[in-house]
Amino acid sequence: MKSAKFDYDRAGTLDDALATLGNADGEFRVLGGGQSLGPMMNLRLAQPDRLIDLSRVAGLDGIDASGATLRIGARVTHARIEDGEVPGETGAYMKYVATGISYRSVRNRGTVGGSLAHADPSADWPSALLALGGEVVIAGRGGERKAPLDGFQIGPFATGLGYDEILVAVELPQLSDGTKWGYYKVNRKPGEFADAIGAVVLGNEVRAVCGATGAAPFRVDAIEQKLATGATELSIPDARDMISGHDPGFDDYELQIHAVALSRAVGRAFK
Amino acid sequence: MSEITVTINGETVTQNVEPRLSLADFIRDHRRLTGTHLGCEHGVCGACTVLMNGEPVRSCITFAVVADGAEITTIEGFDEDEPMTQLRKAFHENHALQCGYCTPGMLVAARDIVTRLPDADEARVRLELAGNLCRCTGYVGIVNAVLQVLEERRV
Amino acid sequence: MGQFGIGQGVVREEDPRLLRGRGIYAGDVSLPRQTYAIMVRSPHAHAEMRAIDTEAAKSIPGVLAVYTGEDVAADNLGVPGMPVKWTRPDGAPMAYRPQPPLALGRVRYVGDPVALVVAETLDAARDAAEALTVDYEPLPSVTDTARTVEADAPVIWDDAPDNISALYQAGDPAATEAAFAKAAHVVKRRFVISRVFAQYMEARSAVGEYDEREDRFTLYADVQYPHRVRQLLAEKIFQVPEQSVRVVARDVGGGFGTKGWQYPEHRLTLWASRKLGRPVKWTCERTEAVQADEHGRDNVTEAELAFDENGKVLGLRVRTLANIGAYLSAIRNLLAAYTNVGTLVGVYDIPAAHAEVRTVHSNTNPTAPYRGAGRPEATYVIERMFDAAARELGIDRTELRARNFIPPEKMPIKTPLGLCYDCGEFAANQQEALKIADYAGFEARREEALTRGKLRGIGTANPIERSASPSPDFAEIRFTTDGTATILMGTKSQGQGHETVYKQIVGERLGLDSERMRVIDGDTDRVAFGIGTMGSRSTVIGGSALYRAADKIIERAKPIAAHMLEASVEDMEFERGVFAVAGTDRTVTLTEVAKASFLPARLPPGSEPGLFESATFAPEDDTYPNGSHVCEVEIDPETGETDIVGYWVVDDVGVVVNPTIVKGQIHGGVAQGVGQVLMEQVAYDPDSGQLLSASFMDYCMPRADDFSDIAIVSNPVPTARNPLGVKGAGEAGTVGALPATMNALLDALAPVGVDDLPMPATPHAIWQAIQKAKSAKN
C-alpha cells in the first residue's frame, strides 16, 4: 500500500509545468489535491513516472464572479465551495454538491480541476457541472483555449485534455436567484463514490444529467424536453424509458437507480 | 530525493525524502510519532487523519513532499488545545474508544466537527463521522461524545 | 460494593494513553538494525508452481534475502499439529493438511504465501517482491461452499475427491426421526451464511528477533493468545524449550477472534531473523489482510423444525456444509464449524435434535473464529426458523417463541445437542425487549412509513451462546514494598478494557484504589501462564482466577495483620481493604500489611516475607449468556436501500462488572452482526476464484451513519459456575444481530412477497428480490 517510485516536480509557474509536460518521456501526471490519484498510486493502479505539483503555481485558486460567467480556478477545493465561497444560486448548487463529496478531510485537499481532469466516472463534479453547462479553461504551450463541458469527458478517466495541457479553470453560468436545481446521488455509503447521479438545472437552458454511468455522464434530452415544457415531476418508469433511449448499457438495477436519481433530482428541484 | 521543511507539533524539521514517501510514513517512521495510525492506506478509514495548516487531511494519501512548508499537528500535538481537551474528556466519559486504533484520527475528525459545525445534530454528526471507521464501538459512544462537546461549546 | 468495585460503570484505565496517541501497537515496534519483510502471495486461487525465479528480486539494492518454500522446508520447521481426530462420512480418518508457511509446489487460494522478501527498507522489499516471478500453471478452482461437494467440482486435495474434510454430529438421529414422524407441521429452510473478515482497524504485524547471545526468539505481535503462540512456536515449530521463546503483545488494535495463534508470519519473521542475524519486521497492509488472514463464517445449512398442532416444537434437524478453506492447520480451523453447534436449539425446549456438519475444503483462506465463532451461525438458523414457522403456522413470531421457551424452573437442563444450560430468564428477556422496542405499536409505524413510500419491518431474536468453555487461565497479584499491587494476567486485551475490569475485581475484593494497582498482560516473560482471550472468557475465567488470587492474598495477609494487631487469626475480619479485630476498633489496612510483609521483624515468627499469590481457574462447565434483540428497519423499495431505525437489546451476561464496558461490547458486536447482514462480504469470482473484496473500496464496512442508537437493558441472572457469577459479554451482540437484522428485513419485505434474501442484503440484492417477487405475483 505504498506508491511505486516516481519523480516529483514542484512547478513554480504554469509555463514551467507546461514545459515539463511537453517534454514528457513517460507517464507524467499533474498533481492537484491528490485525493483520487493518491489512493490509486498507493494501490499501484496508477504508476506515473513523474508528478508535477501545481500547488506553488499562482492564479489557480481564484473564484471570480465579476464577469458574465463565474470563473473558478482549478485548485479551488471542495471544502471552499462547501463553505460557500462561490456566490449566488450557482454557489448554492455547488455548495450542495460539494457537501456530499467524500469526507471533509478529503474535501480539504481535493479540487474541482483535479476532479474534472481525473474524470472518474463516479465523481461528482463531472456530472454536476455538466448540468450547469459552461466551459473548461485549458492552458497549453500555445496559450489558453476553452472547451465546452459538453463532450469534455469522453469516457472513464478520459477527457479532451491533451497530454501537454493543464486544466486551469472552469467557467460556469451565473444562475439567477431562485433557479430550480436538484441533485441526487445513490451510493452504497454516503461519501463514497456514487452508484448513480441525477442532476437537473433549469437555468437559461434546461439540463438533465445522468451520471456515475461507468463512462462519461450524459444529458438526457427527453427529460430536458419534458422539463422545458413545464413538467414538474418525473416518474421512475418515465425516467427509465428516457435513460434507456441513450443506450447506456445498464443492467436492470443500474437503470433503476439512475432513474431514481433523476426522478428524485427533479423532485428536489421543484420541492 | 526532495528536501522538505515541515513543522510538526511546533518543531520545524528539514529533511530529504523520497517523493513516494507518504506524509503518514514521514510522521511515523521518520519522526517516530506513532500516534498517527495507518488503517487502510487508500484514504477510506480515516485513522491517519492529521491537521495540515489547521485542516484535517488524510496523511496516507498525501505525499510528504506536498507538505513542504506546512504546519502539521498530530495526535501528540494537541495537549494544549481546548476542543481536543474537551473531546478527550468526552470520549473518556462516553466509552468512545475500545482498542484505540481509530481514536487519533477519529479525534482529529471530531475536532473538525465541533469547531466547524457548532449546530450539528446527531444525523449530521453521524454523516460527518462516516469518513472514519471504527470496528469496536458501533459508533454509539463516539457519536454521544461529539454531541456532548457540541453541547458544552454552545453554552 | 467498593469505591472501585464490581457493578460500577467506571471510566477506563486504558483511555488516557490511547486518547493521546501513546498506545504502542505491534506496528509501532521498531528494533535496532531492523529489516523489513514482504510476503509474496499467490495471485491464483489454485495453481501448480512450475518455477520461482528469485534472481531479479535478489538483485534489487538493499535486498537481504528472498526465501521460498524450499528454504523453509530445508530447515525442518514443525507444524502446529492436530490433537483431535474426527472421521470423514465414509469412516476414514480426517486428513491433517497443514499450510506450509511458504507454499511448496501448489498454491490453494489467492493469498497463499509463496515467498518472503527481506530488505534494508520496506521500499526495497516491496520492489523486490514485485520483481519476483513465479511460473504458475493455473488449475480449476472452487470457492463457493455449496459447489465444493458437487460431483464435478474441482478438487483441492487429490486424496479427497469429494472435498470433505470430516463429519461432526451432535444429538440423537433416531429420536429426532421419531419426533418428525409424529409432527403436525414441518418447516424446512435453507440458509447461506456469508464469508466475512474481522477487519480489525490494526492490520497484523510481526517483529521477530533472534538473540544469538541468549539463543532465544522474541516475537512482538498483535495476538490474542501470547502464551499459546509461545507454546506453538517453541514446542511445535522450532522444537525448543518454551523458555527459548518470548511473545510480547502490547496494545492490540482489535482482534475479534481472528488474531490467532498459528499465522505463518510469526514463525517466518523469527526464522528469517535467526538466518540473517537481524530483527525482521512484517506489517500487513489493508489489501493484504483479506488475503493473509483467517476468514469467518461461510456455511450452508438445511434445517427442518417439527411442530405439534399447538405450535410446540418436537424436533430439529440440521445439516450444514462449513467451508474451512484450503488447509486444516490446527483445531482452530474447526472451532467455528464444530464447537458451537450445540446452541442450534437456542433458548427453546426442544425434545429431540440432530445436527450434522460436514467441513469442506475450497480454494479460500482458512476459516477460524470470528466474533461468535459458530454461535451467530447457530442462532441465525434457529431464529430464522421460528420466523419462517410463525408465517407458515399463522402465529405471531414472538408468541410462537414464547410457547417454546425453556422456563427458568426447568434449568439446569441438558439440551438434546449435549449442552447443559444452567440459568436464564428467556421469556422475561423477550418480554422486556418487546416492551422497550414498543413491538405492540409497530404496525402503526409500518403504516406511517408506507405513506412515505418506505417498507418498515421489525425483527427479533433470542440469542444464547456457549461461552467461557472449560479451560484454565491465570492471574497473579504481586505486592511491592510500597504496598502497591501488580496484577499479571494470562488473558490479552484487544480493546475490551481488561485493565479496568480486572482492577475493579481486585478493588472489590481487596479494597485497593485504582492508582495503587497496575495490570500487565501480553508478555510471556512477565506472566507465568495463560491461554488468552477468546470465546467471551476473559472476565469469566481470568476474572475468576484473579478473584481467587485476591482471596489467597487475604488469607496470606491475615496472619500478618493479626500479628500486627496482636490478635488471633480467628478474630480477624477483612472488608474493603481493612483488617479489623472483630468487635474492636483496632484495624490495619491491606496496604500497611503488604508493606510490613517485606519486613521480617514485623512478621509472625517463622513466616516467609513478601505478599505474592497466583491462581488459575478452570470452570467445570460453560456459561450461557443470553438475551433478546429487536431490530427495526426501513427499506426504500425503489433503490433497495436499508436504514436501521431502531435497535434494542436485553442482555443477560450474568453479573455485570462494568455496565459501560458491557454495553460497549454489545454495541460493537451488534455493529458487526448488522454489517454482515447488510454489507460486508469476502467475495470471490466464481469462475476464477479471484478475490474481489480486498480493499475498503470493495469490502463495505459499517459507518457511523449506518446506525441508529442501540438501546441496552440488562437482565442479569448470575451463574453459579464461577465465583463472580459472570457469563461473558464479548460475542453477545453479534450473535443476536445476525438473525434479528435479517428477520427485520424479511418482515419489511413480507408484504411485497419476498421470503428470502441473500447475505449481505445489499440494496442491489433487496431490489432484485422485490422485482422477483413482483414478477412471481404477476
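How many bridges join β2(C) to strand β6 (residues 133-138) of chain C? The answer is given in the first of the legends below, which describe close-up views of a predicted model.

**Figure 1. Strand β2 of chain C and its pairing with β4 and β6.** Six bridges join β2(C) to β6(C), and these two strands run antiparallel. Within this pairing, C:Ala51 has C:Asp135 of β6(C) as its bridge partner. Strand β2 (residues 47-53) of chain C also pairs in the antiparallel sense with strand β4 (residues 106-107) of chain C, here over two bridges, and C:Ala47 stands opposite C:Val107 in β4(C). As background for reading such a view, strands of a sheet pair through backbone hydrogen bonds, either parallel or antiparallel.

**Figure 2. The open sheet β22-β23-β24 of chain C.** Three strands form this open sheet, and their pairing is antiparallel. The edge strands are β22 (572-575) and β24 (587-589) of chain C, each of which pairs on one side only, and from one strand to the next the twist averages 25°. Four bridges hold the antiparallel pairing of β22(C) with strand β23 (residues 578-581) of chain C, where C:Phe574 stands opposite C:Phe579 in β23(C). Helix α15(C) lies across β22, β23 and β24 of chain C, and the helix runs at about 125° to β22(C).

**Figure 3. The packing of helices α14 and α15 of chain C.** Helix α14 (residues 498-510) and helix α15 (residues 538-564), both of chain C, pack at an angle of about 35°, and their axes are 9 Å apart. The crossing in which α14(C) passes α15(C) is right-handed. On the side of α14(C), the contact is made by C:His498, C:Val501, C:Tyr502, C:Ile505, C:Val506, C:Arg509 and C:Leu510, while α15(C) contributes C:Ser538, C:Thr539, C:Gly543, C:Leu546, C:Tyr547, C:Ala550 and C:Ile553. Sorted by class, the residues of this contact are nine nonpolar, four polar and one charged.

**Figure 4. The contact between chain B and chain C.** Chain B gives 40 residues to this contact, and chain C gives 42 residues. On the side of chain B that touches chain C, the elements that supply two or more residues are α2 (82-93), α3 (103-116), α4 (122-129) and α5 (140-154) of chain B. The residues on that side of chain B divide into 21 nonpolar, 13 polar and six charged.

**Figure 5. Chain B as a whole.** Chain B has five helices and five strands, which follow the pattern β-β-α-β-β-β-α-α-α-α when read along the sequence. The radius of gyration of chain B is 15 Å, close to the 15 Å that the globule rule gives for 155 residues, so chain B is as compact as a globular protein of that length. Along the principal axes, the C-alpha trace of chain B spans about 45 × 30 × 20 Å. Of the 155 residues in chain B, 66% are buried. Among the contacts in chain B with a separation of 6 or more, 61% come from residues 24 or more positions apart.

**Figure 6. The contact between chain A and chain C.** In this contact, twelve residues of chain A meet 15 residues of chain C. Helix α10 (residues 252-269) of chain A provides the largest share of the side of chain A that touches chain C, namely four residues. The residues on that side of chain A divide into eight nonpolar, one polar and three charged.

**Figure 7. The buried helix α7 of chain A.** Nine of the nine residues of helix α7 (residues 124-132) of chain A are buried, so the helix is largely enclosed by the rest of the structure. Among these buried residues are A:Asp124, A:Trp125 and A:Pro126. The helix is followed by A:Gly133, whose phi is positive, near 80°.

**Figure 8. The exposed residue C:Arg452.** C:Arg452 lies in the loop between α13 (442-451) and β18 (455-461) of chain C. This residue counts as exposed because C:Arg452 has 9 C-beta neighbours inside 10 Å, and the cut-off for exposed is 12 or fewer. From C-alpha to C-alpha, C:Arg452 and C:Ala485 are 61 Å apart in space, and they are 33 residues apart in sequence.

Definitions and conventions
Residues numbered from 1 in each chain as written. Chains lettered and ligands numbered in written order. Predicted model: local features only at pLDDT ≥ 70, side-chain atom pairs only at ≥ 80, totals over all residues. Axes fitted to C-alpha atoms, helices over the stretch in contact; angles between N-to-C directions. Left-handed = near helix turned anticlockwise from the far one by under 90°. Contact = placed C-beta atoms within 7 Å. Nonpolar A, V, L, I, M, F, W, Y, C, P; charged D, E, K, R; others polar. Pairing = 2+ DSSP bridges. Rg over C-alpha atoms; globule rule 2.2 N^0.38 Å. Buried ≥ 20, exposed ≤ 12 C-beta atoms within 10 Å, placed from the backbone.
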